[in-house]
Amino acid sequence: MFQSLKISLFTVLFIFLSIFVFSKIFGPIPFSVNSIQTTKTNMFQVEGVGEATAVPNEAMLSLGVTKNAATVEDAQKQINEVTNKLIVDLKKAGIDEKDIKTTNYNLSPRYEYDETRNKSFISGYTLTQTTSVKIRDLNKVAKLLGGLSELGVNDIGSVSFETEDQDKYLAEA
C-alpha cells in the first residue's frame with residue numbers, strides 16, 4: 001500500500017515536472033477560453049384578464065339633425081331652430097347644461113349635373129350637427145327618446161349605458 005502511494009506521488013510529480021520543463025523550453029502552453037455574452041431582453045411576458053361588473057347609472061345619447069337648404073344661412077337657421085328646441089326640451093327634462101355638448105358640425109355642398117352645359121354646379125347644402133347628451137337618471141331615457149322626432153331630431157346615432165366611476169371598476173378588474 002505504501003508502495004502504490006509512492007508510485008502515485010511519483011507519477012503526479014513527474015507530470016508537473018514535465019509540464020514545467022516543457023513550458024521553459026517551448027513557452028507557455030496555449031489554451032483558450034471562449035466567452036459568450038448574452039443580452040436579456042423581454043425575459044418573460046405576462047398576460048392576464050380581469051373582470052368587474054357594474055350596473056350602469058347613466059346613459060350617453062348621440063343625437064343628430066341633418067337639414068338640406070339652398071344656402072348655408074338657411075341650413076344653419078333650420079339646424080339652430082331644431083337644436084334650440086332640443087336644448088330647451090332637455091333642460092325641461094332636468095338635464096344639466098354641462099351634460100349637453102355639440103360634438104360634430106359638418107357642412108357639405110350638394111352637386112347636380114347640368115347636361116345642357118355639361119357641367120356640375122352646387123345646388124344646395126347639407127348641414128349636420130350632432131349633440132351628445134349625458135342622462136344621469138336612467139328613468140328619463142325612454143321618455144326623451146320618444147319625443148325626439150317631434151322636435152326634428154332625425155338621427156339617433158347611439159345610446160350607450162355607462163357607469164359614473166369607470167376607473168374604480170377598471171382598477172378592480
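Me: Okay, which residue in the turn of the β2 and β3 hairpin has a positive phi?

Reply: Keep in mind that this is a predicted model. β2 and β3 make a hairpin, and 4 residues sit between the two strands. The turn residue with a positive phi, about 55°, is Asn118.

Me: And how many bridges join β2 to β3?

Reply: β2 covers residues 100–114, while β3 covers residues 119–135. One of the pairs is Asp114, whose bridge partner in β3 is Lys119.

Me: What's the bridge partner of Asn68 in β3?

Reply: β3 is also joined to β1, residues 58–69, by 11 bridges. Those two strands run antiparallel. In β3, Asn68 has as its bridge partner Thr126.

Me: So where does β4 come in, and which residue in it is the bridge partner of Gly64?

Reply: β4 is residues 155–162. β1 and β4 pair in the antiparallel sense, with 7 bridges. The partner of Gly64 in β4 is Asp155.

Me: Which strands are the edge strands, then?

Reply: The open sheet has 4 strands, in the order β2-β3-β1-β4, with antiparallel pairing. An edge strand here pairs on one side only, and that picks out β2 and β4. From one strand to the next, the twist averages 15°. So the edges are β2 and β4.

Me: Last one: which strands does helix α2 lie across?

Reply: α2 spans residues 72–92. The helix runs at about 155° to β1.

Note on methods: Residues are numbered from 1 along each chain as its sequence is written. This is a predicted model: local features need pLDDT of at least 70, side-chain atom pairs count only at pLDDT 80 or more; totals for chains, interfaces and linings use all residues. Side-chain values use heavy atoms; hydrogens and water are left out. Two strands pair if DSSP finds at least two bridges between them. Axes are lines fitted to C-alpha atoms, for helices over the stretch in contact, and angles run from 0 to 180 degrees between N-to-C directions. Contact means heavy atoms within 4.5 Å.
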